[in-house]
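Subject: Structure handover

Hi,

Here is the structure we talked about. Please look it over before reading my notes.

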Amino acid sequence: MGTTKHSGRIKLPGKPDPKLWVSAMPFGLGRIKPHHIRDTMKIMADNRDNLPYAMRILTQGVCDGCALGVSGLYDQTLEGPHLCTTRLNLLRLNTMPAIKPSVLHADIDELRRMDSTELRKLGRLPYPLIRRKGERKFSRASWDEALDLIAAKIRNIDPKQLAFYLTARGITNESYYAAAKVARFLGTNNIDNASRICHSPSKTALKRSVGIGASSCNYKDWIGTDVLVFWGSVAANNQPVSTKYMYAAKRKGTKIIVINPYREPAMDGYWVPSIPESALFGTKIADDFYQVNIGGDIAFMHGVMKHWFEMERKQAGSAIDHAFVREHVNGYESLKEHVEQQDWAQLEQSSGLTRARMTEFAELLTRSKSGVFVWSMGLTQHRFGTDNISQVANLALLRGFLGREHCGLMPIRGHSGVQGSGEMGADPFSLPGGEFKGEDIPRIEQVWGFELPRWQGDIVGVSLENAMLPDNHERKLKLFYTSGGNFIETMPDPDFVRACLESVDIRVHQDIVLNTSTLADAREAVLVLPAMTRYEQPGGGTSTSTERMVYFSPEIDGPRMPEARTEWSIYMDLAARVKPDQAGIVQFKDAAAIRAEIARAAPNYDGIQHLSKRGDVFQWGNAWLCEDGICPTPDGRGNLIAVELPELRKPEGHFYATTRRGKQFNSMIYSDTDPFNAAHREDVIVSPADAKSLGIASGDAVVVYNRQGVFHGRAKLGDVAPGNLELFWPEGNVLLAKGVYEPMAGIPEYNIAVVLEKAETYHAFKDTRYVERRIDELETEVLG
């Protein structure tokens, strides 16, 4: 780990820079862009019944949105207040009243007519609920009734038939830790978290490449680096406060490059609401876009390195930082040999970019003395996601962009606190402060005071699929306990996921609101347990940001759901009912006691025990992991890894499809219209060239289909790489194949080959063998 401390906030320049303006027209009038002032006024109106409480949450609490880590209105990167509409949109989850009993206890079909947005707006869950097999509505239950029923089921099944899942819905480190401990206390290793479907390949890749499982650098390193590269990341949309850091970086002369199939408008130019100059005239963000094919990033990076090695043959040291490689890196010669064998024509075909464009980017990096690589789900959500990230690490290691100021590798997190989930052990492959293997197992057994189950737990997707196993199978999922989460809307093949959920004997939803998954049937019973938000938890709680800042969020005075409980206390109560004679082993008297044990169980978190009041924060690992090039690997060196070029074959006239986010926070949708491109949720973004070749005009009804499913939508012409389509998530999940996981990290595959046709063409031939033949052609397609 590093020894250099984070140097604190910096000040934005005061004098405007018109060269960076998007437009001289104030507030971007006439342009398609977010309307921050209007949106803020609407959010204030939505919270008018609890506005003082909402203001206290904003000014005293740690943001429960993305993982940038804003405490109150301030962060550790820039001076001045920070606020974004994503955080504002989430306010209502904390301030709204309880669901009306007449609605909550209505016939289940009445609730099922609502989508998750409508269900969310009904209000908070006020008390425990139960709906047994055959019952048409939820009934009120006492906490004793609900937890006794769950405990009895756990006692009567094999621990391998029990699974826990925690999403990142404002969940604190304390709750992750308690869940991880209780799951193992109950004998199961089937516990997983939201990073499984977003950044699990980042941890897997970074561990094998440089020995770390988190960002190596800080947001502050963006500001003044020579080049800042966003790879498959639309941070302006998913982490809006980050646009302030981009603005500050541009003012320091940083070049910002975006590598993505779609030229995302949010990364082209943005109106940062808390910077007057930018709020008025906008800020040009990206200096260049490299529009790779979906799945073409490895080929693109092979091209970059191939050019570097060609430069090296002409002049040693012209592309590679040989001193850094010599002192800190393994595998140079084997990677060089592997890359030099790559064929330029194949790299162009796979990446979708010309050799000239790959060369251009390669030379930009060679001219840069520093660089930060930021990525998100455009790289991770592939069945070769780990290789994608290791390839990014290869570039950083060859250039020495690691372990020093303005350099680093950053998997930017979209959930508040999800960085802490695996670090607290809420993961089938992790334990607090280590992995579920080797010496970490006896180490944690000593801290926890009981023996851990030694069998390997399943990732959440496999746990769900296990619900379909025969009843007598030892891994047949019989009790699924999920804290937050909506798998019907987040996993591929929603119909299959619904069937899995309904094949579980007892399903427990610990949450603050209803969603569509909550309404699915179960073989015996569905229980719904009302949880507190992070701002309601006695003793406060902590969360870990993308840059490893551990923030304390205090309990905030305000209205409460009388029967809602802290998440960590629910887990403890359940454990005590399952094993009453051993209950003391997993009991904590308060949140401070949990933090004290976390400090012992996870050495990096030594310091969390001192966080107790508003504004308290520390950064584990300090400013830079792998500082001075020294990696926490067995030999202290980074590893260059030769990754294979994914095979990307599709029949002529077919497309690769991927999903993107609009105005939403994860699967919670806040508008049917994307504020950056005016697309609607049913729109399919297609390049003008592809549309012309198919005789499709903007607004035409289209059908996107494959063997997995059929999506009916409208064509939306956009600047997307030809041969690629973009659909909104989660609507596009109907096209994705179930049961396809990245082999090293277990993330589901969120990209697929499809056919795009005008609706009239599809429907004219849907009753003939034409459509079947078009689908059959896709069986030869391999996307990874």
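First, the ground rules. This is a predicted model, in which local features need pLDDT of at least 70 and side-chain atom pairs count only at pLDDT 80 or more, while totals for chains, interfaces and linings use all residues. Residues are numbered from 1 along each chain as its sequence is written, and side-chain values use heavy atoms, with hydrogens and water left out.

**Domains**

The assignment gives domain 1 (101-187 + 416-612), domain 2 (200-412) and domain 3 (654-781). Those bounds come from an automatic or database domain assignment. The centres of domains 1 and 2, taken over C-alpha atoms, are 36 Å apart.

Seven residues of domain 1 touch twelve of domain 2 (contact means heavy atoms within 4.5 Å). About 750 Å² is buried between domain 1 and domain 2, with carbon and sulfur atoms giving 40%. Buried area here is the accessible area (1.4 Å probe) that two parts lose on being put together, summed over both. On the domain 1 side, Thr-546, Glu-547 and Arg-548 lose the most area to domain 2, together 68% of what that side buries.

Two salt bridges cross this interface (a side-chain nitrogen of Lys or Arg within 4 Å of a carboxyl oxygen of Asp or Glu). Glu-435 forms a salt bridge with Lys-207, with the closest N and O atoms 3.7 Å apart.

**The sheet**

Three strands form an open sheet in the order E18-E19-E20, paired antiparallel. Strands are DSSP runs (E, at least two residues), and helices are too (H or I, at least four), numbered from the N terminus. Two strands pair if DSSP finds at least two bridges between them. E18 (541-544) and E20 (617-619) stand at the edges with a single partner strand each, so one side of each has no neighbour in the sheet. Three bridges join E19 (residues 549-553) to E20. Met-549 stands opposite Gln-619 in E20.

Helix H8 (residues 173-185) packs on the sheet, touching E18 and E19, and its direction makes about 90° with that of E18. Axes are lines fitted to C-alpha atoms, for helices over the stretch in contact, and angles run from 0 to 180 degrees between N-to-C directions.

**Backbone details**

Most residues other than glycine have a negative phi, and most peptide bonds are trans. Asn-622 has a positive phi of about 65°. Asn-622 lies in the loop between E20 and E21 (638-639). The peptide bond from Trp-729 to Pro-730 is cis, with omega near 15°. Pro-730 sits in the loop between E29 (724-728) and E30 (752-758).

Best wishes
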